[in-house]
Amino acid sequence: MSIKAVNLTHIYGEGTAFEQYALRDVNFEIEDGQFIGLIGHTGSGKSTLIQHLNGLLKATSGELYYNGENIYAPGYDMKALRSKVGLVFQYPEHQLFEVDVFSDVCFGPKNQGLKKEEVEERARKALELVGLDESFYAQSPFELSGGQKRRVAIAGVLAMDPEVLILDEPTAGLDPKGRDEILGQLERLHRDRGMTIILVSHSMEDIARYADRLIVMNHGEKVFDDTPRNVFRSYKELESMGLAAPQVTYIVQALRREGIPIDDSLITVEEARDAILSMVGLKTGRTEKKQNA
Amino acid sequence: MLREITLGQYYPVDSVIHRMDPRTKLLGTLLFIISLFCADNIWGYGAAALFLAAVIKLSRVPFKFMVRGLKAVLVLLLISVSFNLFLTSGQVIFQIGFLKITLEGVRTAAFMALRLIFLVLGSSVMTLTTTPNELTDGLEKGLGFLNRVGVPVHEVAMMMSIALRFIPILIEEADKIMKAQMARGADFESGNLVQRAKSMVPLLVPLFISAFRRATDLAMAMEARCYRGGEGRTKMKPLRYQKRDRVSQVVLVLYLAVMIGTRFVS
Ligand SMILES: Nc1ncnc2c1ncn2[C@@H]1O[C@H](COP(=O)(O)OP(=O)(O)OP(=O)(O)O)[C@@H](O)[C@H]1O
Ligand SMILES: [Mg+2]
């Protein structure tokens, strides 16, 4: 059970004066239950790539297999694919249209042809997952704040109960607390339900913290595909692509340059904290720190 | 940048025709159209074909982009050709049942088709070599005299260029909205008329909201930069005729003279 891309190539405006390669021979296989981070500078083809995964865009050449089936084969059921591979777009404004939040979230499951009770049950659960309580149900989605809109948009896709959830920069416009809440929910969905998650993000910190595999795009090509730890070790190459490693990586590298033998694969603040503490002779964590303070 | 200019099928290369003042091109198109109605024999159409071929060559736009505009008028072309072919009276050269083709019919049909094709190609040359913005600039300046009889030329031109500027943006937006709704299982294609009309709601509501939001934003941004309409407004790059425009104008007049002259050749 997986998503597999073979030589996926996408050209926008083929045959016109505005031809542009957005994807070039991209290959990968995503197994069930992975949490994948997707990064790349603006215009590197991330949004283009993920729109192939649920068949919204058709590749100019190459193949895409979902659970072993070629989705470009004639007669393939795209609608079924789209309800299994949920995609949350970059801008929530593009999908909100109903008179109130609750009916907007119902739109997806209703299109799946579910019964009314089940649709509402799904919507309620999805809204709870993104942290919107009943006081929001009757509000117009257009009167919400940016962050709240985003939550409604995510709920709208979650309500379809997809096997794979793809999110295009879901944390843009959220405050730090909102961001942690949303990402925390995603991690729970990933852990508890084994949902495959693909997260497009410009935040290396978020990627380092949540993803167990990192794909890096550059000018439409896949340049890295490894664990975040290994990818961030090549922070110099990332920088040359207009990207960066998490802040902590730089601290660790600076310490190593000063001759301090710290592990160079640390990418989250917590890991670095523990490593530094253990180096100065303290085992781990807060409790000891408090005693010492 | 990329999407700014896709409308009006502008083809971005550098050529004499591209660099020409839009007013010259507007005038040229107008004269070319008039000249087509002067032509009434093979010499006239020959001269027009030569002139058009030369301009297309100079514009450096690949011919296949020129021909694209023809697709839109194909039906019209077929209808007018067949009408002329079958309904002109004269010397019969071919007949099946009540359908008869006359020598005169073939002649008018062929000239009719040529006229229509040249018309489309001629105006394509203009839209392919002129950005919509240049075009409205040209119209604004070229029609500036209408100001005196109370036509708000600047305002109309401004509205036109804003509308032109927004069409590709809204198309792109509609595309994104459609995708976002399709990702939630929306179906824009199947169903009967009522169902289809209903399925447009999830597309139209966000589209209208975004259009209104953009319009207010733009109005605000224009006001913040002290836009007050055309009065006393100067341009950063005022249109000015160059030598190439003078030359082209002379060429145009000569061409028109030749076209009128062909009427007297038999
Ligand atoms: N509808 C379109 N028509 C033509 N070109 C497009 C279209 N959408 C994207 N492109 C081009 O394809 C390339 C990849 O775009 P894409 O949106 O996939 O980038 P991205 O990695 O998602 O960027 P960002 O981080 O800004 O969201 C860009 O160069 C863009 O200009
Ligand atoms: Mg994007």
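Lys179(B) and Asp175(B) both belong to helix 8 (residues 153-183) of chain B, where they stand 4 residues apart, about one turn of the helix. In this predicted model, the two residues form a salt bridge, with 3.5 Å between the closest N and O atoms.

A second salt bridge of chain B joins Lys235(B) to Asp137(B), the closest N and O atoms lying 3.6 Å apart. Lys235(B) is located in the loop between helix 10 (201-224) and helix 11 (243-262) of chain B, and Asp137(B) in helix 7 (residues 132-142) of chain B, so the pair ties together parts that are 98 residues apart in sequence. Lys235(B) is partly exposed, with a relative accessibility of 40%, and Asp137(B) is likewise classed as partly exposed, with 27%.

In chain A, a salt bridge connects the side chains of Arg193(A) and Asp161(A) at 3.4 Å, N to O. This pair links distant parts of the chain, 32 residues apart: Arg193(A) is in helix 6 (residues 176-193) of chain A, and Asp161(A) is in the loop between helix 5 (146-158) and strand 7 (164-168) of chain A. Arg193(A) is partly exposed at 46% relative accessible area; Asp161(A) is also partly exposed, at 39%. Elsewhere in chain A, a network of salt bridges links Lys116(A), Glu120(A), Glu121(A) and Arg124(A). Over all chains, the count of salt bridges comes to 22.

Between chain B and chain A, the count is 1 salt bridge. This bridge is formed by the side chains of Arg184(B) and Asp104(A), at 3.2 Å from N to O. The contact between the chains involves 27 residues of chain B and 27 residues of chain A. The size of an interface is often given as the accessible area lost when the parts come together. For chain B and chain A, the area buried between them is about 2,200 Å², of which 66% is on carbon and sulfur atoms. The predictor assigns the complex an ipTM of 0.84 and a pTM of 0.77.

The surface of chain B also carries a nonpolar patch of about 740 Å², made by Val75(B), Ile79(B), Phe83(B), Phe86(B), Leu87(B), Phe98(B) and Leu99(B). The most is given by helix 5 (residues 74-87) of chain B, which supplies 5 residues. Another member of the patch, Phe98(B), is situated in the loop between strand 1 (92-96) and strand 2 (99-102) of chain B. Phe98(B) counts as exposed because its relative accessibility of 73% is over the 50% limit.

The average pLDDT of chain B is 87, and 97% of the residues score at least 70. Over residues 1-7 of chain B, however, the pLDDT is below 50, although this stretch has 14 contacts in the model beyond near neighbours in sequence. Where pLDDT is low, the predicted coordinates should not be read in detail.

Terms used
Residues numbered from 1 in each chain as written. Chains lettered and ligands numbered in written order. Predicted model: local features only at pLDDT ≥ 70, side-chain atom pairs only at ≥ 80, totals over all residues. Heavy atoms only, no water. Patch = residues over 30% accessible without salt bridge, like charges linked within 9 Å, V, L, I, M, F, W, Y side chains within 5 Å. Areas by Shrake-Rupley, 256 points an atom, 1.4 Å probe, with all protein chains shown as cover. Salt bridge = Lys/Arg side-chain N within 4 Å of Asp/Glu carboxyl O. Helix = DSSP H or I, 4+ residues; strand = E, 2+ residues; numbered from the N terminus. Buried < 20%, exposed > 50% of the residue type's maximum accessible area, 1.4 Å probe, protein only. pLDDT = per-residue confidence, 0-100. Contact = heavy atoms within 4.5 Å. Buried area = accessible area lost by both parts, 1.4 Å probe.
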